[in-house]
Amino acid sequence: MAYDDAEANRAQALCLPDEIGKSGAPVHIYTQQTPDYDVRLPLVRMAKNVNYVYDQCYNENDAQWQGRLRYAAEIDAARRDTLWAKLKSVKRQSCICNAMTIPAKMRSIGLPEEEWDWFYDIAQTDIELLAEVEHNRWSVEELILGFRPCTDEEQDAIAADVKKLKDAYKARKTHYDLRAYADLRPDGTEKPMQVYDLCLCSCLPLIAKAFADEKGGGGL
């Protein structure tokens, strides 16, 4: 990887196919400073798991919202990889950023990495706290990417037709979901937006266990 931009080199490395990591071939990344970015293949796999769980949540918690969370109980590796292959680069980076925070999140509830391969459940109070933490992390990510919160007038306009206008405003870098966690509004399917963070955090043991199971599969 030899672009002049070190961040571009790291981004490219994180999107390499699994086959390269499994082969054990070294990948050299040009950078002008000491690397401080983890580009191990298992981290990318964990990001794929994040995307898989989010996709499952989005599709399973459908328009017939009954106020009950339905989320992934296992990860289908073939479908996970198919979903990842279809994902836009910016969304891959978002999943990777999410995955990079998982060790800290797991440690915050008393679960060091050596316990990831057997732990399978999180207390509801911890799930709710972690969901708010994840929303705050995502909000910072979106602000860095150049999005801004809606004005009061824009909020009223979007609320009149969320399904149609939310994406239209997002295309202009104005994000309806950039607000306090407690103030998140329903999306176009009438699901409260907290559902996605709650599902992701409920599945942290599943995501982390899949990471632990595959950790020995090679790395970049």
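Guide: A cavity, on a 1 Å grid over the protein atoms alone, is a set of points where a 1.4 Å probe fits but cannot get out, and its lining residues have an atom within 4 Å of a point. This is a predicted model, in which local features need pLDDT of at least 70 and side-chain atom pairs pLDDT 80 or more, while totals for chains, interfaces and linings use all residues. Residues are numbered from 1 along each chain as its sequence is written, and side-chain values use heavy atoms, without hydrogens or water.

Visitor: What volume does the largest cavity have?
Guide: Searching the whole structure for cavities of 30 Å³ or more finds 1. Taken as the space filled by probe spheres set on grid points joined across faces, edges and corners, the volume of the largest cavity is about 40 Å³.

Visitor: Which elements give two or more residues to the lining of the largest cavity?
Guide: The residues lining the largest cavity are Val 50, Asn 98, Lys 105, Glu 134, Leu 200, Cys 201, Leu 204 and Ile 207. Among the helices (DSSP runs of H or I, at least four residues, numbered from the N terminus), those giving two or more residues to this lining are H5, H9 and H10 (204-214).

Visitor: Which helix gives the most to the lining of the largest pocket?
Guide: The largest pocket (an open set of points with protein on both sides within 12 Å along at least five of seven lines) holds about 1,400 Å³ of space. Its lining has 38 residues, with Tyr 54, Lys 91, Trp 138, Lys 170 and His 175 nearest the centre. Elements giving two or more of them include H3 (41-60), H5 (89-108) and H8 (162-170), but the most, 6 residues, come from H6.

Visitor: How do H6 and H9 lie to each other, by angle class?
Guide: The axes, lines fitted to C-alpha atoms over the stretch in contact, come within 8 Å for H6 and H9 and cross at roughly 120 degrees. Angles run from 0 to 180 degrees between N-to-C directions, and those under 35 count as roughly parallel, over 145 as roughly antiparallel, 65 to 115 as roughly perpendicular and the rest as oblique. H6 is therefore, relative to H9, oblique.

Visitor: Which residues of H8 make the contact with H7?
Guide: H7 (residues 152-159) and H8 pack at about 140 degrees with axes 7 Å apart, and they are therefore oblique. In their contact (heavy atoms within 4.5 Å), H7 supplies Glu 154, Ala 157, Ile 158 and Ala 159, and H8 supplies Val 162, Leu 165, Lys 166 and Tyr 169.
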